[in-house]
Amino acid sequence: MRAPAISIKGRAFGDRVLLALVILLSIVMLAPVLWVIGLSLKENAELMANPNSVFQAPYTLKNYINTIGTSSVFIWVFNSIIVSGGLTLGTLILSSLAGYGFARLNFPGRNILFVVVLFGLAVPEQAVLVARHQIFSLLNFHNTYHGLILPGLSASFGVFLMTQYFKAIPKELDEAAMLDNASRFRIFWKVLLPLTVPAQATLGIFTFLGAWNDYLWPLISATKKDMYTLTVGMASTQTNFAQSEGIGFLMAQAVFAGAPILIVYLFFQKYIVTAVSGAAVR
Amino acid sequence: MADRLTMPQTAMPAASVRAPSVDIYAPQWRNFMFVAPFLFFFTTLLVVPLLWGMWLSFHKADTFSSGNFVGFGNYIRLFHDKVFLQSVWNTFYFVLLTVPALALIGLFLALCLNRRTRTAAVLRTLFFSSSVLSVTIVTLIWRIVFIPNVGLLSTIYGWFGATAPAFISDPSLAMIGIAIATVWWCIGLPMMLFLSALQQIPQDIYEAAALDNASRWQTLRSITLPSIKRTFILVVIVQIVLQFQLFGQAWLMTRGGPNNLTKPIVLYIYDTAFRRWDLGMGAAASEVLFILILIAAMAQYLVTRNNADRT
């Protein structure tokens with residue numbers, strides 16, 4: 001009867017080591033964020049004199065008031081909402097139609113076209129960036145909302161996801177409707193689309209989040225300050241980082257930009273996690 | 001399926017009055033209309049730029065025109081450019097720094113947090129939360145950690161009277177600094193992929209192992225790890241593809257410096273095409289990146305296909 005007792009003790013010890021490691025890692029996750037929040041609540045002069053002053057009162061909301069009052073952050077948020085919203089709406093429409101088409105209907109060349117669309121999954125943005133930029137220059141699309149939205153509409157992931165989803169719906173449903181002589185579009189719109197709401201939510205959140213956080217394309221396409229999205233605009237203010245007179249201000253801006261998306265994440269956690277992991281595995 | 005629906009036409013002529021074209025699964029051009037809108041954007045914004053990019057890479061191009069045909073000239077210049085070769089090496093070095101860390105820490109977290117307690121749920125939320133932030137915010141956070149004087153790191157080192165390593169300016173540490181910020185940013189996805197793999201392992205195997213008095217280490221080594229081997233490979237490949245595309249962190253934290261030591265391929269493309277406006281050479285560099293990523297994507301396809309065969 002001694003052996004089990006020892007192994008239970010060993011277990012408890014092992015558990016404690018693992019727990020300590022996990023706690024250490026969560027501190028690494030949290031500490032930088034708390035540091036940023038701390039700095040955003042301090043006067044700059046005080047920070048310069050003594051960085052440890054973060055841990056002592058007085059705290060101030062001055063940096064946040066400055067952020068709201070003086071920076072262009074609201075224009076950028078507005079631009080980001082238009083671009084991410086437009087791209088999400090467009091992606092949902094295009095992907096649902098095409099997903100239904102590929103999953104349920106037959107037309108000449110369907111299988112080959114689907115393979116070509118699948119191949120699109122393997123094409124990284126960087127491989128088409130240069131040519132896309134030149135085409136958009138010729139069309140005068142830079143520094144416009146459609147210039148920021150359009151490239152995202154060519155992504156195949158949504159079509160792939162919706163095709164899989166439509167295929168999983170029992171065929172008896174549309175066959176019954178077809179015997180009633182309903183048109184293809186009516187069947188799509190009235191019978192099948194309402195059943196795809198979970199997939200729409202997943203795809204919608206994934207697309208919105210990706211567009212909201214996109215940096216590379218807006219950086220090269222939106223070069224005018226009032227067309228910046230939030231990511232590009234925030235990055236542009238970081239350049240005067242070295243003159244550290246604005247550290248508290250920059251940190252307030254970071255909190256201001258990061259907090260909404262973190263709050264949304266806390267509410268829609270399940271969908272976001274499914275969307276992001278689903279997209280990675282495809 | 002088709003047979004069942006075409007049969008009534010021959011058996012009962014009356015039925016064909018209601019549904020004139022009864023073979024509903026025959027190929028029809030009008031069905032194409034459902035996929036046409038997407039294919040329009042797919043073709044004009046992905047297929048055409050992809051081919052145009054290949055064509056550009058053989059030309060001396062600038063912003064608006066495609067210039068003269070130079071054959072493999074851009075590629076030859078590229079592979080004689082020390083900065084490009086440095087950027088290829090930097091990218092591989094970065095992948096080597098981040099991918100093993102992401103896979104192993106992700107696996108460790110998944111093994112520890114795969115339980116139904118409230119604490120585990122809170123910690124899962126915490127470790128995934130950084131993934132929803134944009135690269136701009138992540139780099140801002142980590143620059144403020146690494147910055148001298150007011151930085152978190154230098155403050156902590158200051159408590160012990162030591163000087164913090166200069167993760168952004170020291171040539172030998174700069175890439176490691178970027179890698180640390182990246183692992184912090186991206187750890188959520190590998191953890192979640194491992195968690196969903198762990199949850200698919202049937203519980204009765206563990207019950208059987210417990211009856212056999214198997215130790216925790218034995219259970220881990222002979223049940224858990226073999227069951228998630230394919231997920232491990234998948235996580236590694238997905239991360240290789242993602243980390244090959246490093247751009248924002250390097251551009252925002254170090255601008256590729258010091259001495260181009262943290263300049264990845266995408267930043268080289270950005271510099272060449274959009275700051276020096278040498279579009280032909282930028283296109284050539286992006287083709288090289290495309291081939292590298294395509295190799296990894298092929299590997300991923302093979303792994304996922306084998307996965308599908310098995311289940």
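Predicted model: local features only at pLDDT ≥ 70, side-chain atom pairs only at ≥ 80, totals over all residues.
In which sense, right-handed or left-handed, does α4(A) pass α11(A)?

Helix α4 of chain A covers residues 73-104, and helix α11 of chain A covers residues 197-213. Their axes come within 9 Å and cross at roughly 145°. The crossing of α4(A) past α11(A) is right-handed. On the α4(A) side, the residues that meet the partner helix are S80(A), V83(A), S84(A), L87(A), T88(A), T91(A), L92(A) and S95(A). On the α11(A) side they are Q200(A), L203(A), G204(A), T207(A), F208(A), A211(A) and W212(A). By class, this contact has seven nonpolar, eight polar and no charged residues. The numbering of the residues on each helix can be read against a general rule. An α-helix has 3.6 residues a turn, so residues three or four places apart point the same way.

Seen as a whole, chain A is split into domain 1, residues 2-64, and domain 2, residues 71-241. The C-alpha centres of these two domains of chain A are 39 Å apart.

Chain B is built with 16 helices and zero strands. Of its 311 residues, 42% count as buried. Among contacts in chain B between residues at least 6 apart in sequence, 67% join residues at least 24 apart.

One helix of chain B can be checked for its length. Helix α6 of chain B, residues 118-129, has 12 residues, and at 1.5 Å a residue these should span 16 Å. The C-alpha atoms at its ends are 17 Å apart, which agrees with that expectation. The buried residues of α6(B) are L123(B), R124(B), F127(B), F128(B) and S129(B).

In the contact between them, 79 residues of chain B touch 83 residues of chain A. Helix α3 of chain B, residues 32-56, supplies the largest share of chain B's side, with 15 residues. That side of chain B consists of 57 nonpolar, 18 polar and four charged residues.

The crossing of α14(A) and α7(B) is left-handed. From α14(A), the contact is made by L250(A), M251(A), A254(A), A257(A) and G258(A). From α7(B), it is made by I137(B), L140(B), I141(B) and I144(B). The contact of α14(A) with α7(B) comprises eight nonpolar residues, one polar residue and no charged residue.

Two loop residues remain to be described. N143(A) has a positive phi of about 60°, although it is not a glycine. N143(A) sits in the loop of chain A between α6, residues 125-138, and α7, residues 145-149. N143(A) counts as partly exposed because it has 15 C-beta neighbours inside 10 Å. In chain B, W277(B) is not a glycine either, and its phi is positive at about 55°. W277(B) lies in the loop between α15, residues 265-274, and α16, residues 279-310, of chain B. Is W277(B) buried or exposed? W277(B) has 11 C-beta neighbours inside 10 Å, so it counts as exposed, since the limit for that class is 12 or fewer.

Key:
Residues numbered from 1 in each chain as written. Chains lettered and ligands numbered in written order. Domains from an automatic or database assignment. Helix = DSSP H or I, 4+ residues; strand = E, 2+ residues; numbered from the N terminus. Buried ≥ 20, exposed ≤ 12 C-beta atoms within 10 Å, placed from the backbone. Contact = placed C-beta atoms within 7 Å. Nonpolar A, V, L, I, M, F, W, Y, C, P; charged D, E, K, R; others polar. Axes fitted to C-alpha atoms, helices over the stretch in contact; angles between N-to-C directions. Left-handed = near helix turned anticlockwise from the far one by under 90°. Expected span 1.5 Å × (residues − 1).
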